[in-house]
Amino acid sequence: MEWSLFGCARNGHVTFAPDEPELRNRLMTPTAGGTAWRCLRCGTFVTHGLHRTEHRTGPAAAAPLPRRGKELRDELILRVFAVERFIRFVVFAAAAYGVWRFKYDRGHIQQAFNHDLPAIRELYTDLGFNFDHSKLIGLIQHSFTLTGRTLTYLAIGLVIYSLIELAEGVGLWLGQRWGEYFAMVATSIFLPYEVYDLTVKVTWLRVGALVVNLLLVVYLVWSKRLFGVRGGKQAYEARLRTESFIAAEQTALAAAQQAQQAEQPTRAARSAEESVPLSERPTLPDEKPLLPSEQPTVPVRRPVFPVPPAAPRTAMLRVARRPAAESPVAQEPPAEPAALPGLPGPAPR
């Protein structure tokens, strides 16, 4: 559910015209029906003539912070508790009025009760209840024995309690900070008494009242950040500001200004370059791709293997001229040595 639209449908739109011109232009747009302003609650652009709109002007710091989204849901929950407090106010105010009237008309009320007592006894019997053990009848009969001072104190106590419930209901209904604190403190004060009532006798009414009051105390302290919980009031208002459209537009405007300042040196360099005549600009030689025949060649290095040193010439001649009989291993005639360059060949046999 879109709670922001629900809030605007119930309470109307909230628009604001800031004094800052750049921020003002981001929150308005011209239309055929006139200037449309952006609602700070739902974000819709609305005109003043077609919708129920609350329009304000002033600096951006003074812009209203309407509840949006989750805050509207919390407001609805608090109003449910406020209705329960209003019901309590009516009940205890009626009880205080009854005690006050009973103090001054005790004789007539007692006569009327004694006159109708047989009929009440028959009604209890028909319904299957024991008249002699009825606590309601016993409470009424005991009230006739109370003194006038006791009845006065009882009526004053009921009036004070009903006024406390009324103050709680009004504060919760309006969603004011003081109302949240007041409801939390007043409810916490009566929690020990409600726990004591449960120790005396457990009833569904007492259990329900204790559960409702505990839920209210925990919900107020946690969601509304009372008594410094989760950052306290400063964190609560900071969250409202960060979720507002005014803060979002201010952040976007600041980012745009920073980007513009970062582009200024580049724009200045481009404009300075464009202001120089073409004849005075430095020219670079045109680079053409080289043909395959014009590309430089890289010499290929081949591996060099070591060459054994040549034997001396005298040793070779000595071996070649040795007789066959003196050779220890040769059984056949040795092969004729190859002619060396610069020497005469072997003599013919």
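T15 sits in strand β1, where strands (E, at least two residues) and helices (H or I, at least four residues) are DSSP runs numbered from the N terminus. Please keep in mind that this is a predicted model, in which local features need pLDDT of at least 70 and side-chain atom pairs count only at pLDDT 80 or more, while totals for chains, interfaces and linings use all residues. Residues are numbered from 1 along each chain as its sequence is written, and side-chain values use heavy atoms, with hydrogens and water left out. Here is a short tour, starting from that strand.

- T15 counts as buried because its relative accessibility is 0%; buried means under 20% relative accessible area, exposed over 50%, and partly exposed in between, with a 1.4 Å probe and protein chains only.
- The side chains of T15 and H55 are joined by a polar contact of 2.7 Å. Such a contact is a pair of N or O atoms within 3.5 Å; within protein, one must be able to donate a hydrogen and the other to accept it, and residues adjacent in sequence count only if both atoms are side-chain atoms.

**The open sheet**

- Three strands form an open sheet in the order β2-β3-β4, with antiparallel pairing.
- β2 (28–31) and β4 (45–46) are at the edges, and each has a single partner strand, so one side of each lacks a neighbour in the sheet.
- The antiparallel pairing of β2 with strand β3 (residues 34–38) runs over 4 bridges, and T29 stands opposite A36 in β3.

**Cysteines**

- How many disulfides are there? The count is 0, taking a disulfide as a pair of cysteine sulfur atoms within 2.5 Å.
- C39 is in no disulfide, and the nearest cysteine sulfur, that of C8, is 3.6 Å away.
- C39 is buried, with a relative accessible area of 0%.
- For C42, the closest cysteine sulfur is in C8 at 3.6 Å, which is too far for a bond.
- C42 is buried too, at a relative accessible area of 15%.

**The cavity**

- The count comes to 1 cavity of 30 Å³ or more. On a 1 Å grid over the protein atoms alone, a cavity is a set of points where a 1.4 Å probe fits but cannot get out, and lining residues have an atom within 4 Å of a point.
- The largest cavity holds about 50 Å³ of space, a volume being the space filled by probe spheres set on the points.
- Its lining includes R85, R88, Y161, E165 and N213.
- Two or more lining residues come from each of α3 (70–104), α6 (148–174) and α7 (177–189), and α6 gives the largest share, 3 residues.

- E2 lies in the segment before α1 (3–11) and counts as partly exposed at 48% relative accessibility.
- E2 and R73 are 71 residues apart in sequence, and their C-alpha atoms are 9.8 Å apart in space.

Methods:
Pairing = 2+ DSSP bridges. 1 Å grid on protein atoms, 1.4 Å probe; cavity = no way out; pocket = protein on both sides within 12 Å on 5 of 7 lines; lining within 4 Å.
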